[in-house]
Amino acid sequence: MEINLNLVAVQIFNGIVLGMIYVMLAMGLTIVWGMMDIINFSHGFFYTLGAYFAYTFVSVTGNFWLALIVVPVGTALIGMALERTLLRKLYGLNILYQILMTFGIALMGREIIIIIYGPIGKSFFPPRALEGTFFLGSLFFPQYRVFLLLLVALITFGMYLFIEKTKLGSIIRAGTEDKEMVSSLGINVSLVFLLTFGLAMAIAGLSGVLASPMRGINPFMDWNILGICFAVVIIGGMGSFSGAVFGGLIVGVAQSLVGLIWPSASIIIIFIVMSAILLIKPRGLFGVRD
Amino acid sequence: MKRLLKEIRGLLILGIIFFILPFVLPYRALATEVIIFSLAVIAFDLLLGFTGVMMFCQASFFGTSVYLTALSIIHLKASLFLAILIGVAGAAILALILGSMATIRKGSYSVLLTLAFNEMIYFIAYQWKGVTGGDDGLRGIARPPLEIPGLFKVSLASETSFYFLVLFFFLLSFYVIKRIIDSPFGRVLMAIRENEARAEAIGYNARLFKLLAFEICGIFIGLAGALHVLFMNFAHITNVAFDTSGNIVMMELIGGIGTLFGPILGAFLVVLASDKFSAMWARWPLILGGIFVLFVLFARGGIWGIIVSATKRFERSSLSKKVGFHIIAVSKGESDN
């Protein structure tokens, strides 16, 4: 079989763009998991919620740029409300109950979205300014994807600075390694949990906004991407920020390239990569602790 | 004699209830579904309730057995027992592979792995259209007769005769699982549930025991899957999708984790409620999710837990009338421990 090199280059680019969505979601998952020890099954729901909020916001105001700021604030507030009312009642219990709780929330959330928006998918277009295409020799790159790539790179860098350089970031890092120590140092863990969860839900909402002009919106979009993001987090290692970034990019590119050769195996390859890495490095690529 | 009676008391009660059940419910098929899911849930209860291992591979075991049983009937013209055996063997092998990978890690990491594996099996079944039929599934799988060559042959075409076959498998499985739990092996599983580090410190290989529990769970969920495809006469992609895992987890939670009888009650309620309400309102999962949240918040012991604590309270209050308040003080002190 002849493989067109130009096509490979374009697929790698598409893979990185797709990987950027995974990176955004995996960052939130891994921070919540590492800090709060919650496997957040409702993470995919917040991604869907971000997409639908953006759809409503763009159809009412017509302003995509403002949606990039307003929607994440909205999903963060909903996330923080849920943390305060439901999740915090379960801290200190077996992890099982947090899994079941977030699963129940995701189940309800999806149905509420179907009641409001109907089961059929929706779509909206990227803003005018980003509708064109960049040409590079015989290669072409849609402007929206280039924009998404740059924006997520910027956000990821911002998150890196936040986690490495700020006080809250260092508390999150410390909490991922040893929660007991953090609380015995007199830090208000309850407040940190609230902020961590809010931040993760803001990024999840934002990734929903960014993905929807590219991938469309439907009420069932949460589940498939959540399964993939769990694989990303396992590949990267629990609670590891760089793990989420590299894991997301590896998975995105692998999925795109395999899609070129053997489309029906493009998602299965993610789980094969995950199993292989698990066997070689049980903690994942950048895992910090058990 | 007395000991034997005590041992099989639970089995007898279940046998009587399930003997009557198909004649009480609006239609027979509902009772068959209740019993098949009861089997899957008690198998899962052995793993979650008695070993303390959470996982989301239920659909993988269930679905693998569904497809293998269906395929062996379609392509090999397998007899009833052979078809079931092939399905269960497939689930058992899968449980061994996934279990050995999932037990590499502990706690939430392990749960996440089982979830990812479940997604992997789903996507394989979904994409491998030549074998599994993909989204359409496999249709028209005829139920082979119950037959021992040269001895007898019974057709299972009627829902009633098939129900009693399923009941036989269920009671047998219940007895085996109960015996496993009551055996020294079962005690080790409970020791691991209570404190894994301590169980390891006294010399038990916790990972091996967890893997064995995984395996037993896989075998019996596989049996449930094989019976389910014989019951439905078709194999569908939802059998291997997360929905099936979620349903089984839900029955377990609602019934009461680690109570063995509770999960059967859970299966009964979830199957009946889904049957009744999903036809009435398409958005019924909204209520299902709400029930999930409410049980996690307020009734983590499940319905069985509610029943047990209610009977205890009742006994205590009737006792206190006779003997006065000392008993309350004593029994309160006990329950606080």
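Start by selecting A:Leu77, which lies in helix H3 (residues 64-85) of chain A. Helices here are DSSP runs of H or I with at least four residues, numbered from the N terminus. Keep in mind that you are viewing a predicted model, in which local features need pLDDT of at least 70, side-chain atom pairs count only at pLDDT 80 or more, and totals for chains, interfaces and linings use all residues. Residues are numbered from 1 along each chain as its sequence is written, while chains are lettered from A and ligands numbered from 1 in the order in which they are written.

**Next stop: a helix pair in chain A**

Select helix H10 (residues 241-261) and helix H11 (residues 268-280) of chain A, which pack at an angle of about 130° with their axes 9 Å apart. Axes are lines fitted to C-alpha atoms, for helices over the stretch in contact, and angles run from 0 to 180 degrees between N-to-C directions. That angle makes H10(A) oblique to H11(A). (Under 35 degrees is roughly parallel, over 145 roughly antiparallel, 65 to 115 roughly perpendicular, and the rest oblique.) Show A:Ile250, A:Val251, A:Ala254, A:Gln255 and A:Val258 of H10(A), then A:Ile269, A:Ile270 and A:Val273 of H11(A), to see the contact. Residues are in contact if their C-beta atoms, placed from the backbone, lie within 7 Å.

**Over to chain B**

Now pick helix H8 (residues 159-182) and helix H11 (residues 206-232) of chain B, whose axes come within 11 Å and cross at roughly 175°. That makes H8(B) roughly antiparallel to H11(B). Among the residues that meet are B:Phe162 and B:Phe169 in H8(B) and B:Phe220 and B:Phe231 in H11(B).

**Last stop: where the chains touch**

Show both chains: the contact takes 32 residues from chain B and 36 residues from chain A. On the chain B side, helix H6 (107-127), helix H12 (242-255) and helix H14 (285-298) each supply at least two residues. Which helix gives the largest share of that side? H6(B) does, with 13 residues.

How values were computed. Contact = placed C-beta atoms within 7 Å.
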